[in-house]
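Please walk me through this model, with attention to its helices, its salt bridges and its pocket.

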Amino acid sequence: MTTHTPTDPQTPAPPLTETDTRVLLRLRRIEGQVRGLQRMIEEGRDCHDILTQLSGVRSALDAAGEQILEQYAGGCRARPGEAVTPQDVVRAVKLLRR
């Protein structure tokens with residue numbers, strides 16, 4: 001996942017990597033699942049069905065987080081070109097587990 005911290009709104013974002021694109025597609029699917037959850041609640045659907053859908057959303061978010069973590073561990077950093085240390089990976093895992 002590319003890291004982009006715009007300091008100037010006119011600065012174009014860097015091109016997306018293949019992994020960025022996969023993560024974005026996954027997040028869009030999750031967004032649809034969350035909207036489905038909202039509809040289910042509005043429609044008064046069965047709690048079992050709602051909890052099943054909620055479990056699916058949580059699993060999908062976990063999978064997206066794992067993809068991002070894998071890319072981070074492979075060298076994706078706020079400061080490109082710096083080596084990723086074991087401490088960096090531990091910090092990323094802790095952020096993911098919060």
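Predicted model: local features only at pLDDT ≥ 70, side-chain atom pairs only at ≥ 80, totals over all residues.

**From a helix end to a pocket**

Directly after helix α1 comes G44, which has a positive phi, near 70 degrees.

Next, the charged side chains. Side chains of opposite charge can pair when their charged atoms come close. Across the whole structure, three salt bridges are found. One joins E18 to R22, with the closest N and O atoms 3.1 Å apart; both residues belong to α1 and sit four residues apart, about one turn of the helix. E18 is exposed, at 62% relative accessible area, whereas R22 is partly exposed, at 37%.

R35 and E31 form another salt bridge, at 3.5 Å from N to O, and they too lie in α1, four residues apart. R35 is partly exposed at 40%, and E31 is partly exposed at 45%. A further bridge links R45 with D49, at 3.9 Å from N to O. R45 has 38% relative accessibility and D49 has 32%, so both count as partly exposed.

Last, the largest pocket, which holds about 340 Å³ of space. Its lining consists of 15 residues, with G65, E66, A92, L95 and L96 nearest the centre. Helices α2 (47-73) and α3 (86-97) each supply at least two lining residues, and α2 gives the most, with eight. By class, the lining has nine nonpolar, one polar and five charged residues.

Conventions
Residues numbered from 1 in each chain as written. Heavy atoms only, no water. 1 Å grid on protein atoms, 1.4 Å probe; cavity = no way out; pocket = protein on both sides within 12 Å on 5 of 7 lines; lining within 4 Å. Points joined across faces, edges and corners; volume = space filled by probe spheres on them. Nonpolar A, V, L, I, M, F, W, Y, C, P; charged D, E, K, R; others polar. Salt bridge = Lys/Arg side-chain N within 4 Å of Asp/Glu carboxyl O. Buried < 20%, exposed > 50% of the residue type's maximum accessible area, 1.4 Å probe, protein only.
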